[in-house]
Amino acid sequence: MAASWLLVFSLTLFQSLVMNLSSEGPFPSATTIKSWVDKMQVDLVTLARSASGVDELAKIYTKYSDLYTVEANNARDLVEIAASNIEKLLSNRSKALVNLAKEAETFQAAHQWRDEFGKNEIIYYNAKDDQNDSEKNETETGSQKIRPVFEDDAVFGRQISYQHAAVHIPTDIYEGSTIVLNELNWTGALDEVFKKNREEDPTLLWQVFGSATGLARYYPASPWVDKSRTPNKIDLYDVRRRPWYIQGAASPKDMLILVDASGSVSGLTLKLIRTSVIEMLETLSDDDFVNVVSFNNNAQNVSCFNHLVQANVRNKKKLKEAVYKISAKGITDYKKGFIYAFQQLQNHSGSRANCNKIIMLFTDGGEERAQEIFNTYNKDKKVRVFTFSVGQHNYDKGPIQWMACQNKGYYYEIPSIGAIRINTQEYLDVLGRPMVLAGDKAKQVQWTNVYLDALELGLVITGTLPVFNRTVDQQGNKNQLILGVMGVDVSLEDIKKLTPRFTLCPNGYYFAIDPNGYVLLHPDLKPKLYGLEFITASLFGVVHALQTDTVTTFSN
């Protein structure tokens, strides 16, 4: 404040001198001006040292030198201490996560499916209810909605109720459907587990269960507030499209998306295919690898990528831009398309997930089965083939149904835009079956990259753990479905508190990079928005390299 005042005073004084002199005579020479500047510099330095008391501080520092010691920082020790503290934080969050997943599986296994529920039998808080509209408090859907008492919370920066959990149901899902009512019924028991976890660790932030049907139950309860107050804004949130859910719902995969770009798909069908491919890309996480190939008489990459690339936000953005430019012409040659697809999956020149291998075919149908191609490239069925019949037409669907069934995949139909979202994510249930059958061996807490929390907590990372259906049928066969994903948030602010900058020199700072190459911690890390739903974090204004002689990793 003092420095700013001095600067303003000096500039004002200098301007006044120049204006006065210029009005009385010729402009001063360079030598004269330099002498003024030198004099002002001396006076300003003297004034600053006197006002700040820096000379007195230096005397005190020298006088009491016997009361302190000056030691050089050990970079390795500082980094190891910070990494250890972060490990402890993630470990504590993991314990709460494991407990939630275990209890959720127990509650669901004990739940008895019901086809009907009495009026107001299911009691819950719908986070999207208008708090000022009492008519929405009760419905005819077999459920009764409650209205929690909220209080402003400094930690969350919004209204919170620790006495309840909240439920978010996507806009395109009917909250009175039988499957939703059953899920509301058994997930209600999670509320007490949420509360118990918080009692054991009061620093816990959001605890969330994301269901495979789209329902999300989170604690503590908080209204789903649109702070932008945009009129007629549609809530597009679906927990199954969030980064943490995608990462926890399936094991890593190598995906080749094969797009029919022949003349028969022109018009509305091509628009549906483009939108379907865009939605398919958003079911992938940074642990996955992907590329998009179009085919007609020949096959070609739709973008500059000539091999599978990591499905991160930037790469998916480039692929989406390229998909919008696909044009329809020529004839359909499935053989050319599948040969190109299998060759890319067999190309190991770059990094790969090396787990599930998948080909996603989007087409309007055809008469060719390309059986000899599958016999040559996929005899052992290591590559799953999922086929999508897009648009409303009278083409024979038998061949593409055969392709899926003979290659351990599934066949789906997308006749209109309303069927895109649900059908492009159902394949995750298929890929999740081996995880369910493997049981606890397939369970491992995973941590996401940094992203912007949907409930305005800021930049966070989320620990995820899949929740398995542990029920068996009357014949003793195990259920093979994933119930959903459990998530626990860790705020980046909490991690920053474990890496205080006062332990370093004035210009020093900690930074961390996750296994996917993303910056986890850095002073210049800021949120960045891509599109309407997908938010990530980037470094703004960082033009220098991050270098250090000491690197310590932390796990969990």
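This is a predicted model: local features need pLDDT of at least 70, side-chain atom pairs count only at pLDDT 80 or more; totals for chains, interfaces and linings use all residues.

I begin with one term: a salt bridge here is a side-chain nitrogen of Lys or Arg within 4 Å of a carboxyl oxygen of Asp or Glu. Lys335 and Glu372 meet this criterion, with their closest N and O atoms 2.4 Å apart. The two partners sit in distant parts of the chain, Lys335 in helix 10 and Glu372 in helix 11, 37 residues apart. Lys335 is partly exposed, with a relative accessible area of 31%, and Glu372 is likewise partly exposed, at 38%.

The chain has 556 residues, and buried residues make up 46% of them. It is organised into 15 helices and 22 strands. Among the contacts with a separation of 6 or more, 72% are between residues 24 or more positions apart. The chain exposes about 29000 Å², and carbon and sulfur atoms supply 53% of that area.

I return to the salt bridges. How many salt bridges are counted in this model? The count comes to 26.

Are the two partners buried or exposed? Arg158 is buried, with a relative accessible area of 8%, whereas Glu456 is partly exposed, at 33%.

Another pair is Lys253 with Asp288, at 3.2 Å from N to O. Here too distant parts of the chain are linked: Lys253 is in strand 8 (253–260), and Asp288 is in the loop between helix 8 (268–281) and strand 9 (289–295), 35 residues away. Both Lys253 and Asp288 are buried.

There is also a network of salt bridges, which links Arg93, Asp201, Asp494 and Lys497.

I turn next to the backbone. Most residues other than glycine have a negative phi, and most peptide bonds are trans. Ala370 has a positive phi of about 55°, although it is not a glycine. Ala370 lies in the loop between strand 12 and helix 11, and it counts as buried at 3% relative accessibility. As for the peptide bonds, a cis bond joins Tyr219 and Pro220, with omega at about 0°. Pro220 is placed in the loop between strand 7 and helix 7 (243–249).

The largest cavity holds about 170 Å³ of space. Its lining consists of 16 residues, and those nearest its centre are Val208, Tyr237, Trp244, Asp453 and Leu455. Strand 7 (216–219) and strand 18 (482–491) each supply at least two residues of this lining.

A further part of the interior involves helix 12, residues 398–405. Within this helix, Pro399, Ile400, Trp402, Met403 and Ala404 are buried. What covers these buried residues? The cover includes helix 10 (334–346), strand 12 (356–363), helix 11 (371–377), strand 13 (383–390) and strand 14 (411–414). Helix 10 and helix 11 are the elements that hold Lys335 and Glu372, with which I began.

Finally, I come to the surface. A nonpolar patch there is formed by Leu57, Ile60, Tyr61, Tyr64, Leu67, Tyr68 and Val70, with about 750 Å² of accessible area together. Where does Tyr68 lie? Tyr68 is found in the loop between helix 3 (54–63) and helix 4 (75–110). At a relative accessible area of 31%, Tyr68 is partly exposed.

Thank you for your attention.

Methods. Residues are numbered from 1 along each chain as its sequence is written. Side-chain values use heavy atoms; hydrogens and water are left out. Patches are made of residues with over 30% relative accessible area and no salt bridge: like charges are joined within 9 Å, nonpolar side chains (Val, Leu, Ile, Met, Phe, Trp, Tyr) within 5 Å. Accessible areas come from the Shrake-Rupley method with a 1.4 Å probe; for residues, only the protein chains shown count as cover. Helices (H or I, at least four residues) and strands (E, at least two) are DSSP runs, numbered from the N terminus. Buried means under 20% relative accessible area, exposed over 50%, partly exposed in between (1.4 Å probe, protein chains only). Contact means heavy atoms within 4.5 Å. On a 1 Å grid over the protein atoms alone, a cavity is a set of points where a 1.4 Å probe fits but cannot get out, and a pocket is an open set with protein on both sides within 12 Å along at least five of seven lines; lining residues have an atom within 4 Å of a point. Grid points are joined across faces, edges and corners, and a volume is the space filled by probe spheres set on the points.
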